[in-house]
Amino acid sequence: QVQLVESGGGLVQPGGSLRLSCAASGFTLSLYTMSWFRQAPGKEREWVAQMNPGSSKYYADSVKGRFTISRDNSKNMVYLQMNYLQPEDTAVYFCHAPARGYWGQGTQVTVSS
């Protein structure tokens with residue numbers, strides 16, 4: 001059974017950090033481009049970052065320099081390290097395997113003082 005399960009969300013103050021995790025089962029994520037998306041209340045889902053099988057990384061301008069996507073092939077997991085979080089980063093964050101059409105259920109990130 002194919003699953004993507006995100007974890008690591010929570011409430012953090014502005015300027016703080018969180019690391020999101022996405023555990024994959026049923027397929028080998030190192031063979032695929034893996035992406036992170038987010039969706040804020042009342043807004044469309046937006047792309048945040050992606051990592052290709054060759055380990056090339058790409059980021060939305062809004063998070064470049066603050067977020068880092070990474071992968072642990074031995075654990076079949078992908079991560080999103082988020083630093084210098086701001087209130088506008090508040091959203092549900094989703095893990096996505098575009099080529100397979102898989103989405104996780106999302107994890108809530110709230111940045112507030």
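## The hairpin of β4 and β5

In this predicted model, strands β4 and β5 form a hairpin with six residues between the strands, and Gly42 takes a positive phi near 75° there. The two strands run antiparallel and are joined by five bridges. One of the pairings places Met34 with Met51, its bridge partner in β5.

Five of the six residues of β4 are buried, which leaves the strand mostly covered.

## The nonpolar core

The largest nonpolar core comprises 30 residues, and those with the most contacts inside it are Leu4, Trp36, Leu80, Met82 and Tyr93. Strands that each supply at least two residues of this core include β3 (18-25), β4 (34-39), β5 (46-51) and β9 (91-97). Strands β7 (67-72), β8 (77-82) and β11 (107-111) likewise supply at least two residues each.

Leu4 illustrates how parts of the chain meet in this region. When its neighbours within four places in sequence are left aside, the residues in contact with Leu4 include Cys22, Ala23, Ala24, Phe27 and Met34. Further along the chain, Leu4 is in contact with Cys95, His96, Ala97, Tyr102, Trp103, Gly104 and Gln105.

## The disulfide

The model has one disulfide. It is formed by Cys22 and Cys95, whose sulfur atoms are 2.1 Å apart. The link of Cys22 and Cys95 is left-handed, with -80° about the S-S bond. Because Cys22 belongs to strand β3 and Cys95 to strand β9, the pair ties together parts that are 73 residues apart in sequence. Both Cys22 and Cys95 are buried, and both are among the residues in contact with Leu4.

Thr90 is located in the loop between β8 and β9. Its relative accessibility is 19%, so Thr90 counts as buried, the limit being under 20%.

The side chain of Thr90 has polar partners on the backbone of two residues. It reaches the backbone oxygen of Pro87 at 2.9 Å, and a polar atom of the Thr90 side chain lies 2.9 Å from the backbone nitrogen of Val111. Not counting residues up to four places away in sequence, Thr90 touches Ala40, Gln108, Val109, Thr110 and Val111.

Methods:
Residues are numbered from 1 along each chain as its sequence is written. This is a predicted model: local features need pLDDT of at least 70, side-chain atom pairs count only at pLDDT 80 or more; totals for chains, interfaces and linings use all residues. Side-chain values use heavy atoms; hydrogens and water are left out. A nonpolar core is a set of buried Ala, Val, Leu, Ile, Met, Phe, Trp, Tyr and Cys residues joined through side-chain atoms within 4.5 Å. Buried means under 20% relative accessible area, exposed over 50%, partly exposed in between (1.4 Å probe, protein chains only). Helices (H or I, at least four residues) and strands (E, at least two) are DSSP runs, numbered from the N terminus. Contact means heavy atoms within 4.5 Å. Two strands pair if DSSP finds at least two bridges between them. A polar contact is a pair of N or O atoms within 3.5 Å; within protein, one must be able to donate a hydrogen and the other to accept it, and residues adjacent in sequence count only if both atoms are side-chain atoms. A disulfide is a pair of cysteine sulfur atoms within 2.5 Å.
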